[in-house]
Amino acid sequence: MNLILSYAVVGLVLGCLYALTASGLVVTYTTSGIFNFAHGAIGMFMAFTYWQLAVGWHLPVPLALALVVLVLAPLSGALIERLIVRPLYGASLGITLVVTLGLLLLLLGLADAIWPPVTTRQLPSIFPGQFRVFSVVVTFYELMVLVVSVAVAVGLRFLFTHTRVGITMRAVVDDRDLTARAGASPVRTAQLSWALGASLAALAGILIAPLQYLDQFNLTLLVVTGYAAAVVGRLRSLPLTVAGALLLGLVQSFATGYLPTNLLSDIGPAIPMGLLFIALLVRRQERLTQARLTGQRSRRVLDLKPSLFLAGGFIALSVVMSEVLSPGNLLTYGQGIVLGVVMLSLVLLTGYGGQVSLCQMTLAGLGAFCMGKIAGGNSLLGLVAAVVLPAAVGGLLALVVLRLRGIYLALATLAFAYSMDYLFFNHFLGFGGILAVGRVAAQSQKGFLVEASVLFAVLGVGVLALRRGSFGRRLAALNDSEAACASIGMNITAVKVTVFVVAAGIAGLGGALYGGWQGQVGPDDFQMLTSLILLLLVTLGGIDTVGGAFAAAIFYAFSPVIQRHIPISNFQLLAVGAGAIFLGRNPGGFAGQLSLVADRLRLRAGSAGVPITAPAASSVDGAGSRSGAPSGEAVRLAGSH
Amino acid sequence: MTVPSPEPVRSGPAPLLEVSGVDVRFGGVQALQGVDMTVPAGTVTGLIGPNGAGKTTFFNVVCGLQEAQAGRILLAGGDISGRKAYQRARLGIARTFQRLEVFGSMTARDNILVAAEVHRRWARTGPDPSAEADRILDLVGLKARAEEQVDAMPTGLARLVELGRALATAPKLLLLDEPSSGLDESESEEFGRLLTRLAADGLGVLLVEHDIELVMSVCSRLYVLDFGRILAAGTPAEIQRDPLVRAAYLGVGDQAAEEIAGVG
């Protein structure tokens, strides 16, 4: 009996901490409409800042705490809103997702550079000591967490029901435009909510840190648990969010108490993801997505001839590279190409089809697993399985998450990736976490490089051909407006499942090649975070072009080389993070900028290329509706004469 | 012994669209209440009413984007109430949207082509999609602007793209939601002639339109929707004389009432 009570107390405390972080997430999402993937990273950064003040610079604990939670955190929240988030209002989900993920990576990289993880840091205990209630030991720290959480919950409730600011926040949630017309400033309100959200993130980060060592990754990924609680609250309701968080804390605590240890290490971390998945799937059917005016000029898809020409050029380049590069550089170049295959799958799925996936590396990992496990690790059968099994899993995943859209789809794929890290990869990638993966056909380093390059080129040409054809048009239509797709009789389910299957197959092949190139793979190769970095990289390169995947692959491969020559640590994280943040202003990515330049050159050269006039109604308003631009041009119904 | 049927025996084939007793509630708001409507093939039927009357909601119910709490929808005599939106489209219901739903990243031609391709894929018959797209571009008068990206087009033209896309599905019933907004007067007249011609070819058209002049000139029958209920139904001439309609429109604004009364 005592034991049950003890676990209940621990679970309650854990649940309160989750509630703190999830409440902050909900507050920012509802008022600004932007899901802050970096919420946990902000909390992590603030927890480290607090450590710096209290331990590093020996400030009194209460002063340091007040400084961080009441001054520094809200200030940075407001600053982030002003500099990074404000240009995003009305932008597509893909862009807001990439920008906030970029912020996550940037903060992660910065914290890692400022506070190198070579020493273990621990926060000072604020209230040492413990007491007994009904013979259950409760620490003062636990009591404090409970008190603070209840105070925050009551405070938020009061804020939203009794204060002018809070009521304005709720009004902004209901109707942004109407609130603006009523005299309140939605932007100012959103800024306030980001400040408040950052404060809550900081509080959660500081309070949860004593349960573990200060660790950049763990604290950042804590928010993943917050996502689950927030989704229980449908990203809107604070009481439901708190209920979800408490449930999660209790389930985790009792699992710790009663599950056998070997099972616990697998299932424990996946519990929040399980709840997230269930919460996502019991959501009522969403409406079909509707068209939004992006104001973006879409690029011409490369014709067959030039794409064949470029593919040939690329293979030739790889042949030359295989001769001139040093073994070390050859290794990085080849790694870029095999990962480029995985990125191609993102171009198809996310770039063309608009289906955000945060689990492509997981599917790649399944490919490597098939390759390594089947028939000696170097058989054609293994390679085929490396395409077929991930494709089947991708199709299954598509069927499960089919009814989810936008942010919910992204979260579901994230949950899948995160769970697979613990349930599958930590376990089944061979003995000691290493699985040897062989090669098919060419065995030498140079030969395999050319083989991988040919496969990348063929897939690149194939993806482009798919985009030019009838399926590609359906995919682009799906990306533009699901409601319109249904209205012309298109079976959206079939198109979505198909594109998930094909993309997963490509990712699986990429994973098998990745394994073959490295010779062996471990669980670290296919972590969720790598999937995120990959998505950000392709988006930076230009996610709607095959060239974007290529640029991203080359950057990924050579960033360790660049790293060796510059003094800043974590160059890759910082560069990708910063790049993704600035993407908010230039959504086309690197390839988009290139094609703009190319268009300008073509125009200057006098050839009649694509006209680059700005769209008639390029402004995007909050509702995403065409901003009522009346037709200025003469419209002639010539055919009806 | 035969029991006499209480309902009169129907002569001839069932009407193209037959809607009865449709209710839609959004929370506490009754958006549609007991709506009945019949749309015959080969004619243009009008649906008018003030903003917020429930016209677009009614379209969404007919094409399957909005579930109704009650009511039946028959297409050519067959019950389609439980069908999904894309299945209804395959049965012959096409529509345009008041708030544009074009494929904005694609060219005008690709918008129409993708619809023709989808139709060809499931129907397994019909004209070559590419030729069909060209024919429809010509029909709606977009031939010269076929290769323009639709997001960059003025609203009036984008509405024509939607019309063309709807036609490319080879529909039996066409639902048009304020298709003439964004067109000027002469363009509207042109558009009216196109509608009459499409109806003459056998298409059933249900037209929601604020341009009363256009409505009066092309519709053979009119329904008036107000606060989610059918206020009146009849020929344009009957509707103009209907005291209920005049009162409703007078309640909304004198100008609209004058427009209704003044036309014809």
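Tutor: A residue counts as buried when its relative accessible area is under 20%, as exposed when over 50%, and as partly exposed in between, using a 1.4 Å probe and the protein chains only. By that rule, 54% of the 641 residues in chain A are buried, and in chain B buried residues make up 55% of 264. You are looking at a predicted model, where local features need pLDDT of at least 70, side-chain atom pairs count only at pLDDT 80 or more, and totals for chains, interfaces and linings use all residues. Residues are numbered from 1 along each chain as its sequence is written, chains are lettered from A and ligands numbered from 1 in the order written, and side-chain values use heavy atoms, without hydrogens or water.

Student: Which strands does β3(B) pair with?

Tutor: Two strands pair if DSSP finds at least two bridges between them. β3(B) has four bridges to β8(B), residues 204-208, in the parallel sense, with Val44(B) opposite Val205(B). Four bridges also link β3(B) to β9(B), residues 221-226, again parallel, and here Ile48(B) stands opposite Val224(B). Both counts meet the cut-off of at least two bridges, so both are pairings.

Student: What makes β2(B) and β5(B) edge strands?

Tutor: Start with their sheet, an open one of four strands in the order β2-β1-β4-β5 (chain B), with antiparallel pairing. β2(B) (29-39) and β5(B) (78-79) each pair on one side only, and that makes them the edges. Inside the sheet, β1(B) (17-26) and β4(B) (70-75) run antiparallel and are joined by five bridges. One of the partner pairs is Glu18(B) with Leu74(B) in β4(B).

Student: How many helices and strands does each chain have?

Tutor: Helices are DSSP runs of H or I with at least four residues, strands are runs of E with at least two, and both are numbered from the N terminus. Chain A has 25 helices and four strands, whereas chain B has 10 helices and 10 strands.

Student: What makes a space in the protein a cavity?

Tutor: On a 1 Å grid over the protein atoms alone, a cavity is a set of points where a 1.4 Å probe fits but cannot get out; a pocket is an open set with protein on both sides within 12 Å along at least five of seven lines, and lining residues have an atom within 4 Å of a point. The whole structure holds five cavities of 30 Å³ or more. The largest cavity has about 50 Å³ of space, and its lining includes Phe37(A), Thr220(A), Tyr227(A) and Met528(A). α4 (93-114), α9 and α22 of chain A each give two or more residues to that lining, and α9(A) gives the most, five.

Student: Which kinds of residue line the largest cavity?

Tutor: Its lining has 10 nonpolar residues, one polar and no charged. Nonpolar covers Ala, Val, Leu, Ile, Met, Phe, Trp, Tyr, Cys and Pro, charged covers Asp, Glu, Lys and Arg, and the others, Gly among them, are polar.

Student: How much space lies in the second largest pocket?

Tutor: That pocket has about 1000 Å³ of space. Of its 33 lining residues, Gln212(A), Asn218(A), Pro269(A), Tyr418(A) and Tyr422(A) are the closest to its centre. Elements giving two or more residues include α1 (2-32), α5 (140-162) and α17 (406-428) of chain A. α9(A) gives the most to this lining too, with six residues. The lining of the second largest pocket divides into 21 nonpolar, nine polar and three charged residues.

Technical notes. Points joined across faces, edges and corners; volume = space filled by probe spheres on them.
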